[in-house]
Amino acid sequence: MPSRRTLLKGLALAAAASAVPLPAFADSGYVPPLRQMRGMWIASVVNINWPSKPGLSADEQKAEYLAWLDVAEQRKLNSVFVQIRPTADAFWPSPYEPWSQYLTGTQGQDPGYDPLGFAVAETHKRGLAFHAWFNPYRVSMQADPAKLHPDHPGRKHPDWILPFGGKLYYNPGMPEVRKFCQDAMLDAITRYDIDGLHFDDYFYPTNTTAFDDAEEFAKYGAGFPDLASWRRNNVDLMVQEMQQRVLAAKPEIAWGISPSGIWRNKGTDPLGSDTNGGQSYDNLHADTRGWVKKGWLDYIAPQLYWYVGQPPADYSKLVPWWSDVASGTNTLLWIGQAAYKVADPAQAPEWQVTGELSRHLTLNREHPEISGDIWYNANDVKADRIASITTAVNDHYQRPALAPVLPRLAHGAAPHRPVLAYALRRSGGVEVRAVATGRDEPFQFAIFRFDRPAGSGAFTDARNLVAVVPGDRQIRWTDPDGRRGHYYYVVAVDRANRTSKPSNAFRVI
């Protein structure tokens with residue numbers, strides 16, 4: 001294998017002989033990956049992101065959503081994770097739960113359009129993936145069942161819900177509740193052209209006995225040594241059954257969870273991380289490590305919302321720990337990034353530094369198990385305080401990237417090889433026209449540019465990837481940096497992010 005020095009020298013010589021300028025990543029020897037999750041969370045609960053407040057008109061809500069897609073494109077993202085069931089309610093006409101109050105201000109009130117249908121269609125028009133984000137058990141941000149819509153399941157089945165901490169929750173210990181929640185979420189998955197089903201980090205609200213499920217434990221807890229073990233099994237069943245139902249209903253979508261970032265501390269469990277923070281295994285009854293090891297998820301996206309060197313939870317210690325957990329499994333590892341903490345005066349001095357988030361992504365490069373990041377939340381990705389997001393994008397997103405392929409789907413049928421009709425010089429650069437072949441329209445086209453004819457191995461990374469454009473039967477795209485002598489190729493990409501063989505080459509004359 002050639003040394004790093006030899007590889008760098010070869011890259012520099014190739015760039016010197018080419019009209020293509022030496023890319024910034026060549027200075028470090030970093031090869032940009034062809035596939036990388038680049039997502040952001042768009043939160044709807046208490047109107048954090050979208051809609052920005054309840055009661056906006058349908059047109060205002062639509063305009064706001066399109067503006068969030070603009071942000072995703074500006075930040076060179078390829079996926080959005082949109083919260084469509086924040087509190088046992090719905091952003092679509094659900095037969096199971098009422099319309100969300102965060103749309104109109106009144107739970108159960110029709111917003112006058114289908115927000116989920118609109119959002120999915122518009123996201124796909126941009127060539128972005130749409131992951132439907134659900135909260136599994138939270139019923140309300142307030143604790144009075146009488147304030148729920150009269151037709152709410154929690155009113156019809158008052159035994160299903162429990163108050164705790166000023167909120168209401170479905171009781172995870174009841175099998176009928178678990179099935180109902182799955183049915184409600186799968187309704188969206190089966191009716192809409194969604195790319196992923198995504199849970200956040202809320203399961204049981206706490207490990208305290210103040211969450212009064214003693215009656216259910218007495219009824220269903222035989223054979224478990226304690227309440228915590230029984231609760232943990234209830235969450236395990238939700239996760240395992242959800243996987244089985246997703247695979248049966250829509251096997252080509254991604255199924256994953258973004259848990260809190262600490263499974264257990266090493267002081268509690270020798271398999272735990274070198275941390276001393278809240279433990280999801282004990283506090284939320286979420287065996288996040290176990291889900292990965294048992295193969296119950298397509299991906300896991302732990303929320304590593306700590307800075308590098310932070311006591312008692314150091315980002316630089318958690319990244320290798322999670323990488324080790326994912327290693328050798330078929331579960332992809334993406335990292336949840338705390339864009340919301342940057343430049344917050346209430347946070348530590350480390351969060352006042354422009355390059356902190358970029359530093360996180362640099363550390364991620366040392367761990368090949370990590371295949372991307374999701375940013376929380378959309379407001380902070382847009383705000384770009386102290387240029388922290390711009391810095392991370394400039395440092396790490398120099399090239400476009402396709403979303404990762406799920407390991408279980410990697411060997412499925414690839415898209416048909418497209419035809420590159422031409423690559424012609426125009427006043428604005430080089431115009432490329434590609435045409436799809438076969439029956440299915442590609443979800444995206446990946447456009448590559450070289451200074452010489454390319455071998456088959458040249459399409460495995462993003463060094464020469466210049467654009468990813470939304471699919472169609474045919475597309476035209478103009479490369480502003482295209483010049484005489486460049487060679488262009490186009491690759492078709494399907495909804496599972498599988499790629500075709502490269503098209504024919506076209507040399508610009």
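**View 1. Valine 46 counts as partly exposed, at 45% relative accessibility.** Here "buried" means under 20% relative accessible area, "exposed" means over 50%, and "partly exposed" is in between, with a 1.4 Å probe and protein chains only. Valine 46 is found in the loop between β1 and α2. Helices (H or I, at least four residues) and strands (E, at least two) are DSSP runs, numbered from the N terminus. The phi angle of valine 46 is near 45°, a positive value in a residue other than glycine. Proline 51 also has its place in the loop between β1 and α2. A cis peptide bond joins tryptophan 50 and proline 51, with omega at about -15°. Keep in mind that this is a predicted model: local features need pLDDT of at least 70, side-chain atom pairs count only at pLDDT 80 or more, and totals for chains, interfaces and linings use all residues. Residues are numbered from 1 along each chain as its sequence is written, and side-chain values use heavy atoms, with hydrogens and water left out.

**View 2. Alanine 88 sits in the loop between β2 and α3.** Is alanine 88 buried or exposed? Alanine 88 is buried, because its relative accessible area is 0%. Its phi is near 50°, a positive value in a residue other than glycine.

**View 3. Eight strands close into a barrel.** Two strands count as paired if DSSP finds at least two bridges between them. Strands of a sheet pair through backbone hydrogen bonds, either parallel or antiparallel. Strand β2 (residues 79-85) is joined to β3 (residues 129-134) by six bridges, and valine 80 has phenylalanine 130 as its bridge partner in β3.

**View 4. Strand β11 (residues 370-376) is mostly covered.** How many of its seven residues are buried? Seven of the seven are. Strand β1 (residues 37-42) runs parallel to β11, joined by four bridges, and methionine 37 stands opposite glycine 372 in β11. Strand β10 (residues 332-338) is parallel to β11 too, with five bridges; there, leucine 333 stands opposite isoleucine 370.

**View 5. The largest nonpolar core has 117 residues.** A nonpolar core is a set of buried Ala, Val, Leu, Ile, Met, Phe, Trp, Tyr and Cys residues joined through side-chain atoms within 4.5 Å. Which residues have the most contacts inside this core? They are Met40, Phe130 and Trp375. Leaving out residues up to four places away in sequence, methionine 40 touches several residues, among them Trp68, Leu77, Phe81, Ile374 and Trp375. Contact means heavy atoms within 4.5 Å.

**View 6. Helix α4 (residues 115-125) is mostly covered, with eight of its 11 residues buried.** The buried ones are Pro115, Leu116, Phe118, Ala119, Val120, Glu122, Thr123 and His124. What covers them? The cover includes α2 (58-74), β2, α3 (101-104), β3 and α6 (175-191).

**View 7. Glycine 272 lies in the loop between β8 (254-257) and α9 (280-284).** Glycine 272 counts as buried because its relative accessibility is 5%. Not counting residues up to four places away in sequence, glycine 272 touches Trp263, Arg264, Asn265, Lys266 and Trp321. Its C-alpha atom is separated by 9.2 Å from that of arginine 289, 17 residues apart along the chain.

**View 8. An open sheet of four strands has the order β15-β14-β17-β18.** The pairing in this sheet is antiparallel. The edge strands, β15 (465-470) and β18 (506-507), each pair on one side only. Strand β14 (residues 444-450) pairs with β15 over five bridges, and glutamine 444 has proline 470 as its bridge partner in β15.

**View 9. The largest cavity has a volume of about 40 Å³.** On a 1 Å grid over the protein atoms alone, a cavity is a set of points where a 1.4 Å probe fits but cannot get out, and lining residues have an atom within 4 Å of a point. Grid points are joined across faces, edges and corners, and a volume is the space filled by probe spheres set on the points. The lining of the largest cavity includes Asn78, Leu128, Phe443 and Asn497.

Definitions and conventions:
1 Å grid on protein atoms, 1.4 Å probe; cavity = no way out; pocket = protein on both sides within 12 Å on 5 of 7 lines; lining within 4 Å.
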